[in-house]
Amino acid sequence: MVLNYWLELIRLGKPFRVLRRTPRQRLWTWLPNLLETLVTKFDERIFIHQSSYVDPGAKLGVHTSIWHFVHVEGGAIVGENCNIGQNCYIGNNAVVGNACRLGNSVAIFSHVELGDFVFCAPYMVFTHIDFPRAAVSRREVFVKTLVGTGSTLGANCTVVPGIEIGTGTFVAAGATLTGSTADWSLMIGTPARHVGWVSAYGERIALPLTGQGSWTCPHTGDTYVLEDKSLRRIAGPDDLLSYKPGAKLERRVAV
Ligand SMILES: CC(C)(COP(=O)(O)OP(=O)(O)OC[C@H]1O[C@@H](n2cnc3c(N)ncnc32)[C@H](O)[C@@H]1OP(=O)(O)O)[C@@H](O)C(=O)NCCC(=O)NCCS
């Protein structure tokens with residue numbers, strides 16, 4: 001299987017495309033990439049389905065699973081305990097944090113960065129060029145998109161380039177996110193509007209959009225404090241969003 005992988009890469013010219021540099025530069029790029037790829041390939045804590053391509057140089061964390069027909073490019077970084085669904089693409093300079101879940105057919109393009117515990121539902125779309133034109137290359141001016149820890153991007157939603165998605169934001173299915181969001185906000189519609197708040201556990205928070213108040217999650221003991229227009233989470237004893245590096249993640253089962 002490993003041999004097939006390399007033969008296929010050679011057939012596609014991939015190792016050589018990366019390496020159009022001086023012989024010495026080639027060696028310094030190719031050797032560590034090759035070693036890392038082999039380590040990843042043989043690390044039993046990482047699952048890569050045989051139909052998927054993980055290009056040399058890509059970094060995958062332990063306990064991550066890459067399912068069918070996925071392509072991870074050489075400069076991509078994928079954290080630990082991630083689940084990458086069928087038909088996903090993760091580009092150069094894309095970063096996927098720890099414990100993220102990508103549903104089927106999600107593309108994390110270059111310059112998109114996900115924090116930990118980000119859920120990208122099937123067929124949601126990131127973008128990284130504001131005004132694309134087929135006749136003009138804008139590869140050098142990709143715009144960065146940052147997705148905060150614990151966010152959920154609902155099925156079939158679209159995120160325009162260059163925005164910052166706050167911690168724990170919940171974007172509804174089919175929404176179009178056109179601006180940065182407040183932490184724990186529920187964003188619905190096209191263009192998406194801030195209509196409420198959602199907890200880290202995944203339930204509506206009974207607080208208004210503005211004012212003062214607090215609410216405690218019955219599942220986790222987290223307390224959410226509303227101060228004017230912003231909501232702050234004080235993690236309870238059972239913090240769902242605290243990540244323990246290296247350990248296999250046991251996800252909480254909803255009741
Ligand atoms: C937003 C969401 C969580 C529903 O939240 P909710 O608090 O239960 O909302 P309700 O069903 O009570 O609806 C409240 C209002 O929002 C509207 N609404 C709900 N979801 C909506 C959506 N995705 N887009 C547009 N409007 C929506 C409802 O029609 C309703 O409008 P009304 O007040 O005019 O009748 C849900 O619709 C959603 O999008 N979940 C994400 C699903 C997903 O992507 N899963 C992926 C993994 S499979």
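Among contacts in the chain between residues at least 6 apart in sequence, 21% join residues at least 24 apart; two residues are in contact if their C-beta atoms, placed from the backbone, lie within 7 Å. The structure is a predicted model, in which local features need pLDDT of at least 70 and side-chain atom pairs count only at pLDDT 80 or more, while totals for chains, interfaces and linings use all residues. Residues are numbered from 1 along each chain as its sequence is written. The pLDDT, which is the predictor's confidence in each residue from 0 to 100, averages 90 over the chain, and 90% of the residues score at least 70. Residues 11-19 call for some caution: there pLDDT stays under 50, and the model has 11 contacts beyond four places in sequence for this stretch.

The chain holds 3 helices and 25 strands. Of the 255 residues, 36% count as buried. A residue is buried if 20 or more other C-beta atoms lie within 10 Å of its own, exposed if 12 or fewer, and partly exposed in between, with C-beta atoms placed from the backbone.

Turning to the strands, 9 of them make up an open sheet with mixed pairing, in the order β1-β4-β7-β10-β13-β16-β19-β21-β22. The edges are taken by β1 (47-48) and β22 (193-197), each of which has a single partner strand, so one side of each is left without a neighbour in the sheet. Strands pair if DSSP finds at least two bridges between them. Within the sheet, β13 (residues 119-120) and β16 (residues 152-153) pair in the parallel sense over 2 bridges, and Phe 119 stands opposite Thr 152 in β16.

An antiparallel pair is formed by β23 (residues 211-216) and β24 (residues 223-228), over 6 bridges. Thr 216 has Thr 223 in β24 as its bridge partner. The two strands form a hairpin with 6 residues between them, and Gly 221 in the turn has a positive phi of about 80°. Strand β24 also contains Asp 228, whose phi is near 65°, a positive value in a residue other than glycine. Asp 228 counts as exposed because it has 8 C-beta neighbours inside 10 Å.

In soluble globular proteins, nonpolar side chains tend to be buried together. Leaving out residues up to four places away in sequence, Ile 90 touches Val 72, Glu 73, Ala 76, Val 78, Val 96 and Ile 108.Val 78 is also a contact of Lys 59, as is Ile 77, when neighbours within four places in sequence are set aside. With 15 other C-beta atoms within 10 Å, Lys 59 is partly exposed.

Ile 46 sits in the loop between α3 (23-42) and β1. It counts as buried because it has 20 C-beta neighbours inside 10 Å. Apart from residues up to four places away in sequence, Ile 46 touches Thr 40, Leu 60, Val 62 and Thr 64. Its C-alpha atom is separated by 7.7 Å from that of Leu 60, 14 residues away along the chain.

His 63, in the loop between β3 and β4 (65-66), has a phi near 65°, a positive value in a residue other than glycine. His 63 counts as buried, with 20 C-beta neighbours inside 10 Å. A cis peptide bond with omega of about -5° joins Thr 190 and Pro 191, and Pro 191 is found in the loop between β21 and β22.

The ligand is surrounded by Ala 121, Gly 154, Ala 155, Ala 172, Ala 173, Gly 174, Ile 188, Gly 189 and Arg 204, where a residue is near a molecule if its C-beta atom, placed from the backbone, lies within 6 Å of it. By class, this shell has 5 nonpolar, 3 polar and 1 charged residues. Ala, Val, Leu, Ile, Met, Phe, Trp, Tyr, Cys and Pro count as nonpolar, Asp, Glu, Lys and Arg as charged, and the others, Gly among them, as polar.

Terms used. Helices (H or I, at least four residues) and strands (E, at least two) are DSSP runs, numbered from the N terminus.
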